[in-house]
Amino acid sequence: MLKNYLHLFSFHYIFVFSCLLTISQTAHAELNQGLQSRLIQMAQQALEITQQSAIDNQVLQQLQTDILNLHTQTLEEIVSLHGWPSQSLVGSQGVNAAVTIVKYSEDLKFQQNMLPLIIQSYMNGQGVTGQSVADITDLVAIRKGQKQVFGTQYQITHGKLVFSPIENVHSLDQLRAELNLPPFAEFKKQLELTKLP
């Protein structure tokens, strides 16, 4: 496992430098495809390393953190140069990949800074889904020690779904509907069918 993480880590340093070089040197028409590919690669890496079973090894934990931090820095640079990735620039896959990078970032300030851009992208019909807005909103709220808004965040404990505390439970379904999300009871039932043994 350590060898795999070291490979990912060294690959990512090379990847970041080539990404920034491409951003600064490539014409817009070429950048569209290249940038989409890079965002997707980073998102796939984030998913792979965060979906590993619990890591006890301190070295591997640090490598995981370093890789996610590099993803954060790279997306920050992209946003600084181009604004939040739009569907016209990177396609819906690229937009979803950028959201994934934000979701798995360990930098709360970065997530907070990206959230208004993600919401604006959703409102502009630029490829961000209502589910993504809800996920990032709830993640940021929980990390700030607040209650979640849309009821998207949960854990499975002793074979049961345990949701993080939810703000304004009585208006929850109305808030979810505004983002084209199903009612909470329906969402919970679907999770029970797909996530529980």
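## Exercises on a predicted helical chain

Helix α3 (residues 58-82) and helix α4 (residues 87-104) pack with their axes 10 Å apart and at an angle of about 135°, where axes are lines fitted to C-alpha atoms, for helices over the stretch in contact, and angles run from 0 to 180 degrees between N-to-C directions. Helices (H or I, at least four residues) and strands (E, at least two) are DSSP runs, numbered from the N terminus. The model is predicted, so local features need pLDDT of at least 70 and side-chain atom pairs count only at pLDDT 80 or more, while totals for chains, interfaces and linings use all residues. Residues are numbered from 1 along each chain as its sequence is written, and side-chain values use heavy atoms, with hydrogens and water left out.

**Exercise 1. Classify the packing of α3 against α4 and describe the residues that make the contact.**

Step 1: angles under 35 degrees count as roughly parallel, over 145 as roughly antiparallel, 65 to 115 as roughly perpendicular and the rest as oblique, and α3 and α4 are therefore oblique to each other.

Step 2: on the α3 side the contact (heavy atoms within 4.5 Å) is made by Leu 68, His 71, Leu 75 and His 82, and on the α4 side by Leu 89, Ala 98, Ile 101, Val 102 and Tyr 104.

Step 3: sorted by class, this contact has 7 nonpolar residues, 2 polar and no charged ones, given that Ala, Val, Leu, Ile, Met, Phe, Trp, Tyr, Cys and Pro count as nonpolar, Asp, Glu, Lys and Arg as charged, and the others, Gly among them, as polar.

**Exercise 2. Find where confidence in the protein chain is lowest and where it is highest.**

Step 1: the mean pLDDT (the predictor's confidence in each residue, from 0 to 100) of the protein chain is 86, and 82% of its residues reach 70 or more.

Step 2: confidence is lowest in helix α1 (residues 2-25), at a mean of 44, and highest in helix α6 (residues 130-143), at 98.

Step 3: over residues 1-30 pLDDT stays under 50. Where pLDDT is low, the predicted coordinates should not be read in detail.
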